[in-house]
Amino acid sequence: MRIPTLIILLIAGTFFVQAQTDAEKVRATISKNDIEAHIYFLASDELKGRATGSPEIDIAASYLANHLRRHGVKPAGDDGSYYQQVKLEKVNPPESIEMTMKNLNLSEFINLKVSNMEFEGDAIFLGYGTEDDFSSNDVKGKLVLVLAGQEGETEMMQSYRAGRKKRDLANSGGAVALVEIVNLSDSEKGRMAHHFNEPRVTLGAKDEEPEFVHLWGIPQADADLSKLKKGAEKTAVLSIRGISTENMGGKNVLGYLEGSDPELKDEFVIYSAHYDHVGVGKPNAEMDSIYNGARDNAVGTVTVMNAAENIGKYPTKRSSLFIFFKGEEKGLLGSEYFVENPTIALDKVVYCFNSDNGGYNDTSKTTIIGLQRTTASQHFIDAAKEFGLTAIDDPAPEQGLFDRSDNVHFAKKGVPAPTYCMGFNAFDEEITKYYHQVTDNPNTLDYDYLYKFFQSYVLSARLIANDPERPFWTEGDKYYEAGKKLYAQKKEEATILD
């Protein structure tokens, strides 16, 4: 009997697909034109910076859900949808902040942490506010006044990071508020005010105590700070009025694909990225006011879109959960909500492969924040090499980047969770030129580099999802014990497949 030619071709085609390597499967689906088209849409002026709470971010959410649907990804959200509703609360900034103290005039404030308050009492000046300064002075019930940064180190981001520790010291010492005196350029002031003085978004009300007040105060140009003596106390008045709250909606976008292996399909790999950015601000000299967020994080969003398309066509052994988080720029809110309200039991998630970006300054590399912190590191290295790139670990540990993206909420629960970034060797001017700036537009990206970067990301995903050995934290990592605890217990929550 002669077998029809069409059947022979179909059988041969099936064998060819099965024989394809993971790298060949990646090359078969990743398109530079598609990458460019997706980024140009998500980072377009029409989406106005995808601010959390805006109508435009809902357009982006619909775009992402339709992409998942198109590639056969099944809904994994609420009530059989692609959306997980996230209960958010909009907190409007103070209508007024007034502070008076002899020999100190602060003209403007940056609202790092604020609550309505009326204070009149003792204020104590602690210089740069070192641990010794706090331990040797009684700050209980007082307003603490310090200089921002550290002696000899007053760069803005260094000052911000140092201020978080000072806030903890002041709060634990029983102070009522912390005010840091800071000098900022006009561009720095605009950047910080856009981030901290606009309405902020939090997860729904939790019946918590009012936030500890932490302000940056900008002195008037003629201020004479030499009159402030360390340890000296003066009477001060601080009034913060008009903070109000209102409920608002928000949603994560998520879908899943079942794995092909009868045993490994019970394990899930999460591919995640945040799809929000910071919206619209004051116009610059060119009258551009839209923070388009091409690098941060249209690029990361589209890497996950590419993974969904690829795995939809070529299933991996482990199952996949694709999540696009909302509210990352407002404090990692979407991911925080998900880990507290997971649609799949977290002990079934063996890896969270997060994708987030601030920018790039080396097109020969991919940077994995936490590369050596999990046992999957070799997969990242091999995948990058396949497409002519070099995978490196975090080159700027002083920035604390591992704990500044959505991956950290999974890590705290015990799930191994690095973040995949474009190549950078330092958090330098080339990064800050675009990071949270109106200049972060899609036409400023190198799409030849992105083509290799995206292929490297998707191949990394396939290698992890097909590895018979389950990935885990490197022994000794600070989240290693959390991982042992998570996977040791059997949770009763139903998976999205039940």
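In the predicted model described here, Phe 322 is in contact, beyond its neighbours within four places in sequence, with Leu 68, Val 73, Val 253, Leu 254, Gly 255, Leu 257, Tyr 271, Val 304, Ala 307, Ala 308 and Ile 311. Phe 322 is also a member of the largest nonpolar core, a set of 60 residues in which Phe 322, together with Ile 39, Tyr 271, Phe 380, Leu 450 and Phe 454, touches the most other members. Helix H13, spanning residues 447-466, supplies the largest share of this core, namely eleven residues.

The confidence of the prediction was considered next. Across the protein chain the pLDDT averages 92, and 93% of the residues score at least 70. Over residues 8-18, however, the pLDDT is below 50, and this stretch has three contacts in the model beyond near neighbours in sequence. Residues 490-498 also have a pLDDT under 50, and for them the model has 19 contacts beyond four places in sequence. Where pLDDT is low, the predicted coordinates should not be read in detail.

In helix H10, which covers residues 377-386, the buried residues are Ser 377, His 379, Phe 380, Ala 383 and Ala 384. Because these residues cover an arc of only 160 degrees around the axis, they lie on the same side of H10. The elements that cover the buried residues of H10 include strand E16 (349-355), strand E17 (365-369), strand E18 (390-393), strand E19 (419-422) and H13. After H10 comes Gly 388, which has a positive phi, near 80 degrees. In helix H2, formed by residues 22-29, the buried residues are Asp 22, Ala 23, Lys 25, Val 26 and Thr 29. Viewed down the axis of H2, the buried residues fall within an arc of 160 degrees, and they therefore line one face of the helix.

Five of the five residues of E7 are buried, so the strand is largely enclosed by the rest of the structure. In a regular strand the side chains alternate between the two faces of the sheet. In E7, Leu 143, Leu 145 and Leu 147 point one way, whereas Val 144 and Val 146 point the other way, and all are buried. E7 runs parallel to strand E6 (residues 117-125), to which three bridges join it, with Phe 125 standing opposite Leu 145. E7 also runs parallel to strand E8 (residues 177-181), joined to it by five bridges, and here Leu 143 stands opposite Ala 177.

With regard to the cysteines, a search of the whole structure finds zero disulfides. Cys 352 is in no disulfide, the nearest cysteine sulfur being that of Cys 421, 13 Å away. Cys 421 is likewise in no disulfide, and its nearest cysteine sulfur is that of Cys 352, 13 Å away. With a relative accessibility of 0%, Cys 352 counts as buried, and Cys 421 counts as buried at 9%.

Gly 293 is placed in the loop between strand E14 (268-274) and helix H8 (294-313), and it is buried, with a relative accessible area of 0%. Not counting residues up to four places away in sequence, Gly 293 touches Ala 43, Arg 50, His 277, Ala 298 and Asp 440. Between Gly 293 and Lys 412, which are 119 residues apart in sequence, the C-alpha to C-alpha separation is 27 Å. Within helix H8 lies Asn 297, which is joined to Asp 296 by a cis peptide bond with an omega of about 5 degrees.

Most residues other than glycine have a negative phi, and most peptide bonds are trans. Asp 79, although it is not a glycine, has a positive phi of about 55 degrees. Asp 79 is found in the loop between strand E1 (74-75) and strand E2 (83-85), where, at 81% relative accessibility, it counts as exposed. Asn 103, also not a glycine, has a positive phi of about 70 degrees, and it lies in the loop between strand E4 (96-101) and strand E5 (106-113). The relative accessibility of Asn 103 is 37%, and this residue counts as partly exposed.

Note on methods
Residues numbered from 1 in each chain as written. Heavy atoms only, no water. Core = buried A, V, L, I, M, F, W, Y, C linked by side-chain atoms within 4.5 Å. Buried < 20%, exposed > 50% of the residue type's maximum accessible area, 1.4 Å probe, protein only. Helix = DSSP H or I, 4+ residues; strand = E, 2+ residues; numbered from the N terminus. Contact = heavy atoms within 4.5 Å. pLDDT = per-residue confidence, 0-100. Disulfide = S-S within 2.5 Å. Arc of directions from axis to C-beta. Pairing = 2+ DSSP bridges.
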